[in-house]
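Let's take a walk through this model together. Have the sequence and the 3D view side by side as you read.

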Amino acid sequence: MSLRPKVLVTKIGLDGHDRGSRIVAAHLRDAGMEVVYTPPWQEIAAVVKLAQEEDVDVIGISSLATDHLIVPRLMHALRDAGLAEVGVIVGGIVPDEDERALLDAGVARVFHPGSSLDDIAAFVRDLAARVRSARFPA
Amino acid sequence: MNKPLPDPVPASLDEARVRWAAEYAAQLPQDRETRNRSGIPVKPLYTPLDADPSRYDEALGFPGEPPYTRGIYATMHRGRTWTQRQLIGLGTPRDYNARLLDILDKGATAVSLIPCNSVYRGYDMDEVYPELLGTCGVVVNTADQMDTCLDRVDLATTSCAMNDPLPFTLLAFMLATAKRRGVDWRDISGTSNQSDYISHFVANHMFFRIALPGSRRVLTDHVAWCNAHAPRWNPVSVVGQHMQQAGATPAEAMAFTLSTAIQYAEDCIAAGMSPDAFLPRFTFFFDISISFFEEIAKFRAGRRIWARVTRERFGARDPRSWRFKFHAQTSGVDLTRQQPLNNIARVTAQAMAGIFGGLQSLHTDAYDEVLSCPTQFGARIAVATQNILREEAHLTDVIDPLGGSYYVEALTDGMEERILATMADVEAQGGMYAAVRSGYVQKRIGESARAFQAKVERGEQTIVGVNKYVVDEDASARPALPKPDPSLMRSHLAGFARWKAERSRDDVDRALSALARAAQADGANTFGAVVDAAVAGCTHGEICATLRRELGFGQPLVVV
């Protein structure tokens with residue numbers, strides 16, 4: 001088993017703006033993580049399948065134009081597929097009132113515009129470590 | 001007033017420059033190297049020694065005359081200010097119409113329509129997750145709904161910009177509405193924003209519905225159809241905004257946009273159209289970043305290059321073909337979630353750069369666009385910002401007021417050189433269509449996006465409230481954000497289902513079959529078939545599904 005955190009960076013829903021997801025994915029890769037990247041508009045079922053096949057620790061969902069509203073559906077689908085322990089973070093334009101709903105649905109953290117790439121990488125690394133120890137207890 | 005420089009420049013001027021340079025170096029021994037966002041080195045001072053006054057006619061000329069560096073019309077903003085075109089769209093057609101009539105009442109002078117993301121993606125409202133409906137744009141799927149959107153708007157006299165990617169169903173619905181109201185299609189004016197499928201394939205990816213070769217065909221058909229049936233409509237808006245928002249530098253965004261326009265023009269010529277038949281209806285759409293002088297120089301250089309390309313490369317004879325008409329939008333990427341009211345200052349500076357750059361139409365972002373779809377409060381401030389700049393600030397008293405600035409002229413030349421070099425890179429790839437198919441353009445934009453972000457992370461590019469002057473904020477001070485009323489959206493959905501059940505299924509089937517046949521037949525016009533389908537009562541989703549089936553599903557090429 002690789003010790004490098006493995007992260008899926010993707011966009012679900014209808015929006016295609018991907019500057020944020022491209023920059024974050026490239027940064028995580030340069031920070032030594034294994035990154036699986038997809039084009040936008042992924043179906044929720046496709047994301048779950050990819051997370052399973054690629055055996056990722058963390059899923060990063062980028063949202064600019066309200067696609068964060070269907071992240072709770074993704075959380076359900078992950079649980080249904082037996083992937084409840086996979087860490088999910090969301091980055092992009094998420095109003096405060098919606099952030100609460102995402103955290104309640106099990107999202108580990110929401111990163112807003114202006115977040116530092118190093119902060120994101122540090123958080124993902126910690127989250128991946130926690131996910132690993134939950135999945136493979138010593 | 002400056003007197004013309006004698007030729008040669010007197011020795012005294014050069015001596016004075018040497019004196020100043022010594023004094024400058026003594027006072028600022030550790031001067032920083034400064035480059036703008038396009039990577040052009042910027043000196044601390046520009047003087048007559050940076051200009052060549054003998055080039056005035058060739059490089060600048062007069063407004064309304066080629067090369068149009070000083071503006072595409074003789075009177076520019078003194079004769080007619082820019083069109084105040086705010087992009088709006090939220091909720092149901094009724095919600096949209098109310099917001100539209102409000103901003104028209106507050107000073108906006110033209111219509112724009114932003115549809116829901118479900119529309120962008122080519123689906124009807126009953127094909128997507130209901131929680132996404134109407135959150136970013138108006139849910140409009142039929143000619144009837146378009147009629148509601150444009151209620152009490154005179155289609156014969158109001159310019160309408162539709163955020164309407166190919167196959168241009170929103171325009172088709174508007175034409176169907178006009179027909180119903182007895183308005184002649186020849187009087188319809190406005191622009192198919194988002195017609196630039198290349199920009200969507202490369203960046204943004206919002207509106208890419210049909211595979212690349214099919215997109216190429218539909219756009220060319222659209223140009224030919226509009227020329228014949230709706231001659232006041234601008235069928236092509238070449239979009240630099242997406243590429244700059246995705247990370248291209250201002251010079252790259254201008255270069256890729258001009259290269260795209262060249263590609264579309266060549267495709268139209270290959271389809272048998274004459275340059276002077278379609279070039280007068282080409283328009284452009286750009287981003288205005290907060291890099292003030294760079295943006296002004298970008299627009300001035302773009303005008304100069306386009307005047308040359310249309311005349312020399314395409315042999316256009318009609319001056320309307322040479323004019324570089326553009327709409328611009330203040331850059332959302334520059335706005336911050338932190339201390340959002342600061343965005344009003346940013347938008348003001350961006351808008352001024354666009355105005356000094358000689359734009360024809362302007363959208364100012366609402367300060368809260370970085371938080372969500374803008375509030376009515378935010379949208380009104382954005383409109384007021386334009387009113388203040390246009391009528392209080394005396395910006396429009398003089399045409400091209402920064403023309404002749406030693407710096408702005410030198411920077412215009414520098415940007416032109418940089419833009420031409422990037423256009424040559426694209427030519428070397430075989431033109432824009434080939435350069436996006438191979439991922440070349442995507443790679444360049446990605447590299448520039450990362451380089452800019454790295455400057456922000458290192459603190460070399462200040463962003464107030466983000467990497468400098470950070471303050472603790474009270475999140476409750478942020479505005480309450482608009483959301484579509486779920487009960488209104490539910491009844492909109494129910495109304496749509498009823499409407500579909502009641503319409504003539506035979507008419508719909510016939511029109512969709514004709515559309516499918518047009519897509520397969522060489523020489524048929526696909527957009528004409530789309531208009532017929534809209535008139536016959538087909539929905540947006542049905543039209544898009546038919547063309548996706550016949551021409552292939554569009555997937556962007558993403559390079560990370």
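Helix 13 of chain B covers residues 292-313, 22 residues in total. From first C-alpha to last it reaches 31 Å, close to the 32 Å expected at 1.5 Å a residue (the expected span is 1.5 Å times one less than the number of residues). Helices here are DSSP runs of H or I with at least four residues, strands are runs of E with at least two, and both are numbered from the N terminus. Just after helix 13 of chain B, B:G315 takes a positive phi of about 65°.

A word on what you are viewing: this is a predicted model, in which local features need pLDDT of at least 70, side-chain atom pairs count only at pLDDT 80 or more, and totals for chains, interfaces and linings use all residues. Residues are numbered from 1 along each chain as its sequence is written, while chains are lettered from A and ligands numbered from 1 in the order in which they are written. The mean pLDDT (the predictor's confidence in each residue, from 0 to 100) of chain B is 92.

Chain B also holds an open sheet of four strands in the order 2-3-4-5, with parallel pairing; two strands pair if DSSP finds at least two bridges between them. Its edge strands are strand 2 (111-113) and strand 5 (233-234), each pairing on one side only. Three bridges join strand 2 of chain B to strand 3 (residues 160-163), and B:S112 has B:A161 as its bridge partner.

Over in chain A, A:G16 sits in the loop between strand 1 (6-10) and helix 1 (19-30). A:G16 counts as buried because it has 25 C-beta neighbours inside 10 Å (buried means 20 or more other C-beta atoms within 10 Å, exposed 12 or fewer, partly exposed in between, with C-beta atoms placed from the backbone).
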